[in-house]
Number of protein chains: 2
Amino acid sequence: MNIGDASDQSGLPSKTIRYYEDIGLIRPDRATNGYRDYAAADVHKLRFLHRARGLGFSVEECRQLLALYDDKSRASGDVRELTVAKLAEIDRKIRELTQLRQTLEHLVHSCHGTERPDCPILEELSDGAAP
Amino acid sequence: MNIGDASDQSGLPSKTIRYYEDIGLIRPDRATNGYRDYAAADVHKLRFLHRARGLGFSVEECRQLLALYDDKSRASGDVRELTVAKLAEIDRKIRELTQLRQTLEHLVHSCHGTERPDCPILEELSDGAAP
DNA sequence: TATGAACCTTCCAGCGACTGTAAGGTCAAG
DNA sequence: CTTGACCTTACAGTCGCTGGAAGGTTCATA
């Protein structure tokens, strides 16, 4: 599959896909004409990268997460430890998003401008789990 | 409060806090000696910025979100529309994180290296809600 | 078969969001 | 009154893309 199709199926611009190859996140085959040739597994990784980056994971973290899937001997304690750490991080992000959501809901439904500049929402907003 | 304390309380490096001032996200007072002077509300905003950036919102999106809190006439249809859009975005992020979490859990508990390189987890992982 | 659109390639430059370094001013403690 | 921990600005560098130029490939249509 050419890069354009990989782009369509992953949601990532071709530019970004080439960049991810430059930094070694994916390694597509090459056709005889020099075009990159993406397998289904590559597209899955690209879709994953698209989502994980949008959720605030750095490229290095994405590299680690991909390594978890690629790891040939998943019994390794290191891998398990890393996975557990990532789970905790994901839980934290979910908590923070949930709190942010509640705050916005509150803002829409019950906070009508009169209670600022000391709006309690700002406090509530910033009182989430420590980073 | 000096920038060092604002940094400690928000979790953001001083450098980043100054940068946020450069691009107009916050506007702290200045003491007579020229030092920046942060009020509690500034720190709340900084904590918010720290969290929202870590959750994958761009600086421009953060600016919009802060505007929602700062907006003097929250009745505006534009503001409400933006808030609703942000709520949908947050819901999407929560769904994606939940799915990512399930995948990692699955990986830890039941996928032991033998089923790759066609591990169904990679497929599962990349089958989330469209971006 | 040829021409043009729509792909693909590499390379290099620029931008968004920081991050590090340098050179210097301020302040509280000893 | 100096030492060290703070603060200031200014400028350069990095990370993660993103756009543009210059050119090769493929394919439908004239």
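Trainee: How far does a polar side-chain atom of Arg18(A) lie from a phosphate oxygen of DNA strand C?

Mentor: This is a predicted model, in which local features need pLDDT of at least 70, side-chain atom pairs count only at pLDDT 80 or more, and totals for chains, interfaces and linings use all residues. Residues are numbered from 1 along each chain as its sequence is written, chains are lettered from A and ligands numbered from 1 in the order in which they are written, and side-chain values use heavy atoms, leaving out hydrogens and water. For Arg18(A), the distance from the polar side-chain atom to the phosphate oxygen is 3.1 Å.

Trainee: Which helix gives the largest share of the surface near DNA strand C?

Mentor: A residue is near the strand if one of its heavy atoms lies within 4 Å of it, and helices are DSSP runs (H or I, at least four residues) numbered from the N terminus. Helix 1 and helix 2 of chain A and helix 2 (14-22) of chain B each supply at least two residues. The largest share, four residues, comes from helix 2 of chain B.

Trainee: At roughly what angle do the axes of helix 1 and helix 2 of chain A cross?

Mentor: Axes are lines fitted to C-alpha atoms over the stretch in contact, with angles from 0 to 180 degrees between N-to-C directions. The two axes come within 9 Å and cross at roughly 105°.

Terms used
A polar contact is a pair of N or O atoms within 3.5 Å; within protein, one must be able to donate a hydrogen and the other to accept it, and residues adjacent in sequence count only if both atoms are side-chain atoms.
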